[in-house]
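Please look over the sequence and the structure shown here before reading on.

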Amino acid sequence: MPKLRLGYWAAQEQFDPETLLKRAMRAEVAGFDIVVVSDHFHPWRDKGGHAGFPWILASLIAEKSKRLEVGTAVTTPLFRYHPAIVAQAFATMGYLFPRRVFLTVGTGHAMNEVPLGFSWPGYREKVERLAEALRIIRLLWEDDFVTFEGKYYRLLNAKLYTKPKAPVKLYVATSDRRVAQLAGLYADGMLTNPRGLEKDVRELFEAMERAAANAGRDPKALTRCLEFKVSYDVDYDRALQSALYWATSAVPRQKREKVSDPRELEKLVTEQEIRKIEKTWLICTDADAIVKSLAELMKLGFERIYIHSSSPDEDKFLSLLGRDLLPWMREYYEELRRPLKVSVE
């Protein structure tokens, strides 16, 4: 039975790298196993925004901690990162920090690619590009002198001369069934954010596992990863106001995919986006609400849970997590997987 792995989300769009490095060390002391580093070129908003280079921060955390598993969520290997360069970067990290590195990929956002001069395509092309990128990354990690002729990418006798010392785990982030199928075909599992979408999440898992089985892969070997968004404070309004930093991420995709300037994204925020944040984030004033919400989500079978906090006092919240919530999560995970005892009279 796989063990529960608990991650702390280092949100580079909201905080500077120095602050996140310190918090990662605190997260390790609190009992986290993983630090997840977000991967953006532009942040979700201009005011107060940050966007450090994620692979540098992830490597610093791995070197400084000596124990934490580190990786990204979510890297987009479509435009500004050629998939072969992504494969090279994470192979090097896997060489330096064996069994402590993972990569999460997805279809991405216009805000991170358009500022570099790329035209942002429709969803179909993005999914096709992601499928090719996943194949390229796998091929370069596993084979030598790879030649690849795809619709969007080419390789000609490409070889990574520094391979990872141990396999680098590869996950796909999505809320779309078609992309979930790619996770089943090429990845080690899937990352999603299911709050308020429990029924859809079950369908995502089914799509991933069905694709794996059809490809001759073991669906039971695939990992389910959860991003759990929370803002905690004894004052509800303070907790909500802090979470509203992310209101621009709640702008409907059809609108935000046409915008790459964070200043313009901020202008699109309405009451609708605020209500969506209240629905998709857990805004709470006591630990019991977190326990109740996590208990329901953990029943869906997640094995890696990443706590993405936008709490006003993050140090206070980390103390609460380490003292009360992380131990409970591990105990509850074991309880969920304990075989039922059936008495026969």
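What follows covers a helix packing and then aromatic pairs.

This is a predicted model, in which local features need pLDDT of at least 70 and side-chain atom pairs count only at pLDDT 80 or more, while totals for chains, interfaces and linings use all residues. Residues are numbered from 1 along each chain as its sequence is written, and side-chain values use heavy atoms, with hydrogens and water left out.

**Helix packing**

- Helix α1 (residues 17–30) packs with helix α2 (residues 54–65) at an angle of about 40°, and their axes are 10 Å apart.
- That angle makes α1 oblique to α2, as angles under 35 degrees count as roughly parallel, over 145 as roughly antiparallel, 65 to 115 as roughly perpendicular and the rest as oblique.
- In contact, meaning heavy atoms within 4.5 Å, P17, L20, L21, A24, M25 and E28 of α1 meet L57, L60, I61, K64 and S65 of α2.

**Aromatic pairs**

- Rings of Phe, Tyr and Trp (its six-membered ring) pair if their centres lie within 6.5 Å, and planes under 30 degrees apart count as stacked, over 60 as edge-to-face and the rest as tilted; by this rule the count comes to 16 aromatic pairs.
- The pair of F79 and F118 is tilted, because the ring centres are 5.5 Å apart and the planes stand at 50°.
- F79, at 13% relative accessibility, counts as buried, and F118, at 31%, counts as partly exposed (buried means under 20% relative accessible area, exposed over 50%, partly exposed in between, with a 1.4 Å probe and protein chains only).
- Ring pairs also link W9, F102, Y171 and Y306 into a cluster.

Methods
Axes are lines fitted to C-alpha atoms, for helices over the stretch in contact, and angles run from 0 to 180 degrees between N-to-C directions. Helices (H or I, at least four residues) and strands (E, at least two) are DSSP runs, numbered from the N terminus.
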